[in-house]
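Hello,

Here is the structure I promised to pass on to you. Please have a look at it first, and then read on for what turned up in it.

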Amino acid sequence: MNGFKDFLRGIYGFDGLSCGLLFLSILINLVTACVPSEPIQRLNILSFIPLLICIFRVFSHNHSKRARENTKFLQLMHPIFEYFDRRGQEREQAKIFKFFKCPSCTQKIRVPKGKGKIEITCPKCGNKFIKKT
């Protein structure tokens, strides 16, 4: 029993890459379960590959190598995370502000809600247009 405790004491644990691999495994499993085609269902075995890699990473004792792998994964996924973060911020701001695009340069402009008809001046090109907030 002490050997098992010692083994668990030094494990790397979950990180971003491990969670991504687990998500990929579940996604492949769900897709193959939902599609009634026989050849697609045979691909279900592929869902075990990311799952096994995830388990290997979680129980690994090589912390420096797993951290490097995770850093590369997070750098690769950064644009995707940033996109969803930006979309969340826009949803929060949509409660307070209304967004318009300049008719001449398509610059996105944010103005407060509930001000009635206002004249909006584009900060990029100086074009003026009237919109209702």
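Let me start with R66, which is buried at 5% relative accessibility (buried means under 20% relative accessible area, exposed over 50%, and partly exposed in between, with a 1.4 Å probe and protein chains only). Before going further, please note that this is a predicted model, in which local features need pLDDT of at least 70 and side-chain atom pairs count only at pLDDT 80 or more, while totals for chains, interfaces and linings use all residues. Residues are numbered from 1 along each chain as its sequence is written, and side-chain values use heavy atoms, with hydrogens and water left out.

**Salt bridges**

R66 has a charged partner: its side chain meets that of E69 in a salt bridge, 2.9 Å from N to O. The term stands for a side-chain nitrogen of Lys or Arg within 4 Å of a carboxyl oxygen of Asp or Glu. E69 is partly exposed, at 28% relative accessibility. Both R66 and E69 belong to helix α5 (residues 63-93), three residues apart, which is about one turn of the helix. Helices (H or I, at least four residues) and strands (E, at least two) are DSSP runs, numbered from the N terminus.

The whole structure holds seven salt bridges. Another of them joins the side chains of K108 and E90, at 3.1 Å from N to O. K108 is in strand β2 (residues 108-112) and E90 in helix α5, so this pair ties together parts that are 18 residues apart in sequence. Both ends are partly exposed: K108 has a relative accessible area of 42%, and E90 has 26%.

There is also a salt bridge between E92 and K95, whose closest N and O atoms are 3.4 Å apart. Salt bridges with shared partners also link D15, R57, R66 and E69 into one network.

**Rings and charges**

K108 turns up again here, as its charged end sits over the ring of F99, 5.9 Å from the ring centre. The charged end of R110 sits over the ring of F97, at 4.0 Å from its centre. For this, NZ of Lys or CZ of Arg must be within 6 Å of the ring centre and within 35 degrees of the ring normal.

How many aromatic pairs are there? The count comes to one, where rings of Phe, Tyr and Trp (its six-membered ring) pair if their centres lie within 6.5 Å, and planes under 30 degrees apart count as stacked, over 60 as edge-to-face and the rest as tilted. The pair is Y83 with F84, edge-to-face, at 5.3 Å centre to centre and 75° between the planes. Y83 is partly exposed, with a relative accessible area of 40%, whereas F84 is exposed, at 55%.

**Nonpolar cores**

The largest nonpolar core has seven residues: F100, C102, I109, V111, I120, C122 and F129. Such a core is a set of buried Ala, Val, Leu, Ile, Met, Phe, Trp, Tyr and Cys residues joined through side-chain atoms within 4.5 Å. Apart from it lies another core, of five residues, including L17, L21, C54 and F73.

**One more residue to look at**

T106 is found in the loop between β1 (97-101) and β2. Its phi is near 60°, a positive value in a residue other than glycine. T106 counts as exposed, at 53% relative accessibility.

Best wishes
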